[in-house]
Amino acid sequence: MTEKSEYIKFTKEMKRDYTILVPTMLPIHFKLISNVLVSKGYKIDFLEATDGDIKESGLRYVHNDTCYPALLVIGQLMNAINSGRYDKDKLALLITQTGGGCRASNYIYLLRKALKKAGYGHIPVISLNFGGLEHHPGFKISVPMLYKMLYCAFYGDLMMLMANQCRPYEKNPGETDALVRQWTERLLEENRDPRNMRYKHVKENYRLMADDFAAILGDTVRDKVKVGIVGEIYVKFSPLGNNNLESFLLSEGVEPVVPGFVDFCLYCVYNGIVDFDLYHIRHLKAFGSKFLYKYLLKKLRYIRTMMQEHYPNFMPMADFDETRKKIDGYIGIGAKMGEGWLLTAEMLELVGEGVNNIICTQPFGCLPNHIAGKGMMKPIKEKNPGVNIVAIDYDPGATAINQENRIKLMLSNAKA
Amino acid sequence: MKIQDSKNRISDSMVIGIDIGSTTAKVVVIDKGEMVYSRYERHFSQVRRKTLEMIEAIADLLSGRSFTVAVSGSAGLGMADAAGLRFVQEVYATAECVRCLEPDADSVIELGGEDAKIIFFKGGLDERMNGSCAGGTGAFIDQMATLLGVSNTEMDELSLTHEQIYPIASRCGVFAKTDIQPLINQGATKADIAASIYQAVVNQTVAGLAQGRRIDGKVMFLGGPLYYCKGLRERFVETLKLDDEHAVFPEYALFAVAIGAALYSSDGREIDYEELTERLRISMKHRETISTLPPLFRDRTEYQAFTTRHAAHNVQTEYQGDYKGDAYIGIDCGSTTTKLVVMTDRCEIIYTYYSSNKGNPVSIVREQMNKIYDLFGKNLTIRGCAVTGYGEELIRTAFHIDYGLVETMAHYTAAKFFDKDVDFILDIGGQDIKCFKIRNNSIDSIMLNEACSSGCGSFIETFAKSMGYTVEEFARQGITSHAPVDLGTRCTVFMNSSVKQAQKDGASVQDISAGLSLSVVKNAIYKVIRATSPDELGQRIVVQGGTFMNDAVLRCFEKEIGREVVRPNIAGLMGAFGAALFAREHKKDISSVLNAEEVRNLRHESRSAVCKGCTNNCRLTVNLFNGKERLISGNQCEKGAGIRLSDDERLPNLYAFKRDLLEAYQPQKGRYKIGLPLALGMYELYPLWHTVFTQLGFEVVSSGFSTRKLYQKGQFSIPSDTACYPAKLMHGHIETLLDENVDAVFYPSLTYNINENKGDNHYNCPVVAYYSELLAGNMDSLSRTRFLYPYLNINSEKELTRGLYGCLSAHFEGIAPAAVRKAVREGVAEYKRHMGRIYAEGKRAVEFAKAHNKRVMILAGRPYHIDPEICHGIDKLATSLDFVVVSEDSITEDITPPVLNVLNQWTYHSRMYAAAKYATEHDDTQLVQLVSFGCGVDAVTTDEVRAILERYDKLYTQIKIDEITNLGAVRIRLRSLIGALEERGS
């Protein structure tokens, strides 16, 4: 291991009265997940601001060739620190870290550099990772907490999936979003009581939640043009990252289809197995990964089956194990940096579900996406005639009009 | 003109199409299938008013009729929304038009102001637009014409008389500019440059848009540039090998989108003239919210205070009476402009000149020297003459100038004249931004703008012209702006689209001018200097360069950093003034500069040639003065200049050494031919794979070092144009191997690189690791052979054997596990020997430097940066500047990694950190980092390498390289580095 410059650790004492700022990528998911931390006594605050100068702040503090997600996240955090809303001596930041071969693993260091540059070197930055990259005495995630977080991710995916399918068809404008808010509140409230995080109860909630969404959709035929969104995880999900892509698509009268967040988790887990299969390294990790993969898959399949049996008017969640196999003949399972093969797999999954129009979002100059995104479009189009894919670059200088114009081109072919 | 509508939609009605592009508006009216009206005008960003005017102009034609109408074009979207008119995406409209008018067309190429589009009709409809990197469009051609100082028409005419084509980067307008500049300065003819610019546009279209699909059959060419530029047409036809029958340049090329929109509208609601004009009027009122900024000046008094304050920093420039006595001449032959001053002993300026190069600096300087001799005659005793800038060598040789000095020194000398304690200089010129920090009376660090931080003066100039203003008038407009628009700060192309957005939203010229000024300033502060606070710049700031003569820019800068700065009244002449001051400091009895008669008789010819010194085939420009004195430029090494060095004189150069090592591996006859593409990760592991396959009885065919030709061979199958150049070269390497009829091509997928225990992990970057996946998916030609790209573990002989055996035995007969095991053992041993040779040569180079008292340069890149086509001879340039050149891997064998602020997880990059540490431990060693454009990983490493060096007070130099690199700029950088080192006394 390379010796690292000392970083400020999040201590047990800090846990008492520090506010931890968390950037949001997926508002629903992250709120629910971090609620698990709140129930353990952490003070968490979400950054949902999307005001104009986030990009500018980002540009000021990180290298302008750095990927756009890092720039936005850091800009958002720096703006929050400078906003005067927080006591700067009682503040910590939380950021996720995957540790893969993509430069995204370096976000946390870029953030620390930015803090130092701005004179906030004393603010601790907590790395949320599952690879043992860093340790903070005041910040530990136990196995039960992990389980809970997992359920939250499933809740989030189910809600997002069904909401996306209701929104374009809702009869009373805004009712889908109101329902999402209502359920988010309800889960936040409920989950304070650990007993409500038992699987049995969670399963009951799945049904209740699904019933509510199904009531909005009713038996409306989902006949609008469907457009899939795939890509680099941050710009794919975050409205700040993709200039409100989903609302733009809704205003164009199409139904956006966004593969879920759990897929990305499963992808990360599965890569632990692949490392052993291909290179015979890290046996222990592979063993654990295999177990975890099966476990997650079972939970995922439960929701899928539930949707298929009880809510046939909705497109169910994909079976990840099937999605994974779709890449055969396109890209190797060893291509695991960034979104890697998952990106290709998701495009193929969408095509398989009849979603032939796909927007592949990526930060300008995203390395893995050169290969798994833009690099796979030709073979996908060749082997699946009629597929309509457009790659859209996002970065601080790109204007919405250029992006929208290209999406409109894709849509005019989709509708024709 | 008759419009054949196959669907018979418009046979008995009137349809109108309005197409609003980035610079022009087009209207067509089709009545009963007959195009009865068409009009094409520049809209000067007054999109909505212009549309209304154009419709009002045909009131007679429209009144009393009902018709359908649709709007198209990139700037038409906002207006269509505001006016409640139908909108159709322009590529879709084009396809609609072509389907009706030219049903047998196979493909369409349409170039617009800032967009480029391709439509393929046959074999599955495919419509494509350029992505967010929009080089090679109409705006690009406009900029290039400005650069050459000719109108678009003149450029077109010139191009038709060209004799040869120079390579010009086809991706990015900014890169193209850096390629053209040296050509201009080296005296290449304008005709050749003009044709080369068009060729660059063609290459961009073919490579960037077609992405693997061949453009053939009947091709339609549409849009303004293709309608007007015959030279561009010629380049397309020649490149695509089309005959007259298959290259169609229709009369309606300008109106295709408008016609398409009109056709598209036909199934919509009918409206009449009154309703249409009313709707357009409504759209003019409706101004969308755009993000704006506070005005530059609150009121007139604030502006006056500002101008008075800046008037204080003046030198005497008015020439009064007949000056008699000693004089010094300073010339700054810059990239776009030539500046010249004549100065007295008391530093008064008695003559100045500032003008565009117009592509021929020698004739401009000659003209000026003539003028000076005419004006002052024998009254002047010229005691010194100095020249600086891009054209330094050329002018110095032509006119026998006493001194040549590097630009940075010239600027510092001049700035010191205005503020002797200056600690920061910012120079924004037409084409480049230069910043120097001054510490202890010497230049401490130099920052230059790069490809994606390129907004400079010429950018404002081009915009001013496209909106119909002179630069001065445009600047005055900006000062009166009430709400400058926020245009973002990335590259000029992105700013173009921001302006487009602002135009769409109805921003005024004043607001756009002020917004552009601010963008240029922000670009300089946040992208080039990369400062977070004004204090990082310095306490005593001098700003200069022609762009700062624009008060709007100056004001924006002061406002942005919140500090008052010094702008000399000769801001645009500082380089020349500095040169004159230098000449004065080093005065002679009499200058060696050509006298009046010699200047009059100076004959200058230039011709181009190709160097035959080695396989690099550098394109040379040979300048001949008076038929005897020669100056050769364009060469990468001394050979081009006709100099022969003996072995003892040759400085160690690890880059050359490593190239020689690789070339020593020769193929042996074998049962099968296996091709190894010499690109990306193969550069380092070639000894390993060559040995393994030779041992297994294969004949190993290498694709050899890259050349420009090789690149072009594979260019058409590149799907992601923004990937780094080393990766894109891979396509050419594969094609080269296929031409050799190999039985298989081998480029393994290596997630993990060699583990040298220098970091937290030992990954390859995603591109090096998985580029083979992309090749397999995008290169159809690979189906002619077997493409082997197994995922392998190269850190364990056992695992490597297992993986290789699995892969090879599936494709070839007679592969035994034991043979593979033995081959792998030999291969790994050979790889270790290979690295050993590199370490040994590294030691020898360092010792040589000590013994001969030379400076050592670590040219820190990746193993594949030794490719002559990737590093463009920078290694040779460095040795010609008296550096011993070592590579990052040759000196870091036993260096433990330094303390880092980042995750150290890529093998190649770990070496770079270690090399930086090595540099901090050795006084005679400097580190220069090579960065390939588009390298995402280097966004992390560059900052960290700089931090390591600066912690120990070492200078950091970064050179960005791409398809083409301007060696002239690199030379200035390296000479500035030497200058700074000399001043520091190290």
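What follows is a chat about a predicted model with chains A and B.

User: Hi, I'm new to this one. What are the ipTM and pTM of the model?
Analyst: Keep in mind that this is a predicted model. It scores ipTM 0.92 and pTM 0.84.

User: And what does chain B average in pLDDT?
Analyst: The mean pLDDT of chain B is 86, and 90% of the residues score at least 70.

User: Which domains does the assignment give for chain B?
Analyst: Domain 1 covers 14-102 + 257-285, domain 2 covers 110-249, and domain 3 covers 325-418 + 578-601. Then come domain 4 (424-565), domain 5 (655-835) and domain 6 (841-984).

User: Let's take domain 2 and domain 3 of chain B. How many residues of each are in contact?
Analyst: Eight residues of domain 2 of chain B are in contact with twelve residues of domain 3 of chain B. Helix H5 (138-148) and helix H7 (173-185) of chain B each give two or more residues to the domain 2 side. The largest share of that side, three residues, comes from H7(B).

User: What kinds of residues are on that domain 2 side?
Analyst: On the side of domain 2 of chain B that touches domain 3 of chain B, three are nonpolar, four polar and one charged. As for the domain centres, 38 Å separate domain 2 of chain B and domain 3 of chain B, taken over C-alpha atoms.

User: New topic: sheets. In what order do the four strands of the open sheet in chain B run?
Analyst: The order is S29-S28-S30-S31 (chain B), with parallel pairing. Strand S29 (883-887) and strand S31 (956-961) of chain B are at the edges with a single partner strand each, so one side of each has no neighbour in the sheet. On average, neighbouring strands of this sheet are turned by 30 degrees against each other, direction ignored.

User: How many bridges link S28 and S30 of chain B?
Analyst: Five bridges, in the parallel sense, join strand S28 (residues 855-860) and strand S30 (residues 925-932) of chain B. B:Leu859 stands opposite B:Val928 in S30(B).

User: Which strands does helix H30 of chain B lie across?
Analyst: Helix H30 (residues 817-852) of chain B lies across S28 and S29 of chain B, at about 160 degrees to S29(B).

User: Over to chain A. Is A:Pro23 buried or exposed?
Analyst: A:Pro23 is buried, because 26 other C-beta atoms lie within 10 Å. This residue is found in strand S1 (residues 19-23) of chain A. Leaving out residues up to four places away in sequence, A:Pro23 touches A:Leu47, A:Val73, A:Gln76, A:Leu77 and A:Ile95.

User: How many residues apart in sequence are A:Pro23 and A:Asn271?
Analyst: They are 248 residues apart in sequence, and 26 Å apart in space, C-alpha to C-alpha.

User: What is phi for A:Asn244?
Analyst: Phi of A:Asn244 is near 55 degrees, a positive value in a residue other than glycine. Most residues other than glycine have a negative phi. A:Asn244 lies in the loop between helix H9 (233-237) and helix H10 (245-251) of chain A, and is partly exposed, with 15 other C-beta atoms within 10 Å.

User: And what about phi in B:Asn741?
Analyst: B:Asn741 has a positive phi of about 55 degrees and is not a glycine. B:Asn741 sits in the loop between helix H27 (725-739) and strand S26 (744-746) of chain B. B:Asn741 counts as exposed because it has 11 C-beta neighbours inside 10 Å.

Notes:
Residues numbered from 1 in each chain as written. Chains lettered and ligands numbered in written order. Predicted model: local features only at pLDDT ≥ 70, side-chain atom pairs only at ≥ 80, totals over all residues. Domains from an automatic or database assignment. Contact = placed C-beta atoms within 7 Å. Nonpolar A, V, L, I, M, F, W, Y, C, P; charged D, E, K, R; others polar. Buried ≥ 20, exposed ≤ 12 C-beta atoms within 10 Å, placed from the backbone. Pairing = 2+ DSSP bridges. Axes fitted to C-alpha atoms, helices over the stretch in contact; angles between N-to-C directions. pLDDT = per-residue confidence, 0-100.
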